[in-house]
Amino acid sequence: MVYKYDFLVIGAGVAGMSYALKVARANKGRVCMICKTSLDEANTSFAQGGVASVTNLELDNFDKHIEDTMIAGDYISDPKAVEQVVRMAPEQIQELVKWGVNFDKKDDGSFDLHREGGHSEFRILHHADDTGAEIQRGLMEAVKADPNIDIKENHFAVEIITQHHLGAKVTRRSPYIHCYGAYVLNPDSQKVDTYLAKVTVMCTGGCGAVYLTTSNPVIATGDGIAMVYRAKGTVQDMEFVQFHPTVLHNPNETHPAYLITEAMRGYGGILKLPNGETFMEKYDERLSLAPRDIVARAIDKEMKIHGIDHVCLDVTHKDADETRHHFPNIYQKCLSMGIDITTDYIPVRPAAHYMCGGIKVDLNGQTSIDRLYALGECSCTGLHGGNRLASNSLIEAVVYAETAARDSLKHIDLYDFNEKVPEWNDEGTMTNEEKVLITQSVREVNQIMANYVGIVRSDLRLHRAWDRLDMLYEETENLFKRVKASKDICELRNMINVGYLITRFALERKESRGLHFTTDYPVHAYDKK
């Protein structure tokens, strides 16, 4: 089947839905949203903490937010991207509110603001401890009600379409690569359909599922990054994988591991060893409110020193009723494991959480491929630099949805559909034995990334990861050429591609910077932080 849409949005988190709503209201054509699973399972739904924006001008200002972002990013962040996001944030917060998103407020009607690690002021808007789910809910209702938006749930984008599919030779040195849409797997027919588009927008989220333990859902396999890289698009800063310092330690839940929001440390939670000793004073004067890269490395080191599989977060000194009020979902989750957080320590450990790098884009979200934009976690705007400042990602997604919508609407009338695109060749069959091979290869990718490309790295470990991933790449590509496309094998291909990119970029950076810490070049060692 061949479908034609003016705007093709691949992904349905806050970035994808915000963009779809913004272009749909312009009445410049039809919008199609491709959802990998159901509309409510985007990574956005798992974000607990909140959205960073300067709203209390009596205590806060743009310059403070900009400086906090630059410091957290180890001064690798693009100053233009930082300024754009920070200054446009308040306006986009109001847009979220208009779309039906509810943020917690005080009795006087002002926003109830939290503070998180790395922030110098209280500027985190939230909805209890499930802000992402509330944003997803509000936007879902808005997109479902918009007659200009078609939603394709449980559809899987296999590849973006470029002139490569028309027989042209496309390399990374090709001056002009154009995107004409995407090949998409239909779950009902199990056929790959052709979606032609004037503008394509990649909003596929992160890639935490390449690691053994992650706060991301199982769908976070780096699909957009891998697709664009295979299409010879530019990616950047892939070595900067943010490990959230505190997920709930539960060996039975690793994809996703349950997130213990950073807001809990902003609330007054203290990191301790299981015996009650504090340790963050050894690593940073900001203690438990230090930026995530510092806290995650400190926890990782303490676990190795003491031979333990977790540390603890202590909020037992806080008022019990207040704790239950601010963190109702965390309270209930821990209680289901026999842990009362008002009287017991919370067992926590780091887990893969957020990709600061991704598909390189400009201030309008435009990639190196013409007619292709990338938004949200799959993109690299330059905002996060070497380390994302807590709660900057959701607002980044909405701000860049705005700039990308403006830019694409400005150019949409100049584009047309490419009718020469061939349909997908789906010859081949899948056997049960081959499915077993795919499952085993996914496990291998998880183990390789966890053991060799984790929080603390070395050239020896990175080269070992490179060799193992190269072997898996050859095996998987050979299999992919022989079989019918399926979600399982496509995800595996993407995971291997993303694992390779993280490893390659890590090997190329000959210093410790931000989230990338290597024992071979420990410039930013613990005692210098």
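Biologist: What pLDDT does the protein chain average, and what share of the residues score at least 70?
Modeller: This is a predicted model. The protein chain averages a pLDDT of 91. Of its residues, 96% score at least 70.

Biologist: Where does pLDDT stay under 50?
Modeller: Over residues 525–529. For that stretch the model has 13 contacts beyond four places in sequence.

Biologist: How many helices and strands are there?
Modeller: The protein chain has 13 helices and 18 strands.

Biologist: What share of the residues is buried?
Modeller: Buried residues make up 62% of the 529. The accessible surface comes to about 20600 Å². Carbon and sulfur atoms hold 49% of that surface.

Biologist: What share of the contacts with a separation of 6 or more joins residues 24 or more positions apart?
Modeller: In the protein chain, that share is 75%.

Biologist: How many positive and negative side chains are there?
Modeller: There are 59 positive and 75 negative side chains. The centres of the two sets lie 5 Å apart.

Biologist: Why is M355 called buried?
Modeller: Buried means under 20% relative accessible area. M355 has 1%, so M355 counts as buried. M355 is found in strand 13, residues 346–355.

Biologist: Which residues does M355 touch, not counting those up to four places away in sequence?
Modeller: M355 touches C207, I225, D237, M238, F240, V241, E377 and I502. C380 is 25 residues from M355 along the chain, and their C-alpha atoms are separated by 8.8 Å.

Biologist: How do you know that H310 is buried?
Modeller: The cut-off is under 20%. H310 has a relative accessible area of 18%, so H310 is buried. H310 lies in the loop between helix 7 and strand 12.

Biologist: Which residues is H310 in contact with, leaving aside its neighbours within four places in sequence?
Modeller: H249, P274, M303, P347, V348 and R349. T131 is 179 residues from H310 in sequence, and the two are 26 Å apart in space, C-alpha to C-alpha.

Biologist: Why is N329 called partly exposed?
Modeller: N329 has 34% relative accessibility, so N329 counts as partly exposed. N329 lies in helix 9, residues 328–336. The C-alpha atoms of N329 and K22 are separated by 32 Å. Along the chain, N329 and K22 are 307 residues apart.

Biologist: What is the phi of L287, and where is L287 placed?
Modeller: Phi of L287 is near 55 degrees, a positive value in a residue other than glycine. L287 sits in the loop between strand 11 (270–272) and helix 7 (292–306).

Biologist: Why is L287 called partly exposed?
Modeller: The relative accessible area of L287 is 40%. That value lies between 20% and 50%, so L287 is partly exposed.

Biologist: What is the phi of S391, and is S391 buried or exposed?
Modeller: Phi of S391 is near 70 degrees, a positive value in a residue other than glycine. S391 has a relative accessible area of 5%, which is under 20%, so S391 is buried. The place of S391 is in the loop between strand 16 (379–380) and helix 10 (392–411).

Definitions and conventions
Residues numbered from 1 in each chain as written. Predicted model: local features only at pLDDT ≥ 70, side-chain atom pairs only at ≥ 80, totals over all residues. Heavy atoms only, no water. Helix = DSSP H or I, 4+ residues; strand = E, 2+ residues; numbered from the N terminus. Buried < 20%, exposed > 50% of the residue type's maximum accessible area, 1.4 Å probe, protein only. Contact = heavy atoms within 4.5 Å. Areas by Shrake-Rupley, 256 points an atom, 1.4 Å probe, with all protein chains shown as cover. Lys, Arg positive; Asp, Glu negative; His and termini not counted. Charge placed at Lys NZ, Arg CZ, Asp CG, Glu CD. pLDDT = per-residue confidence, 0-100.
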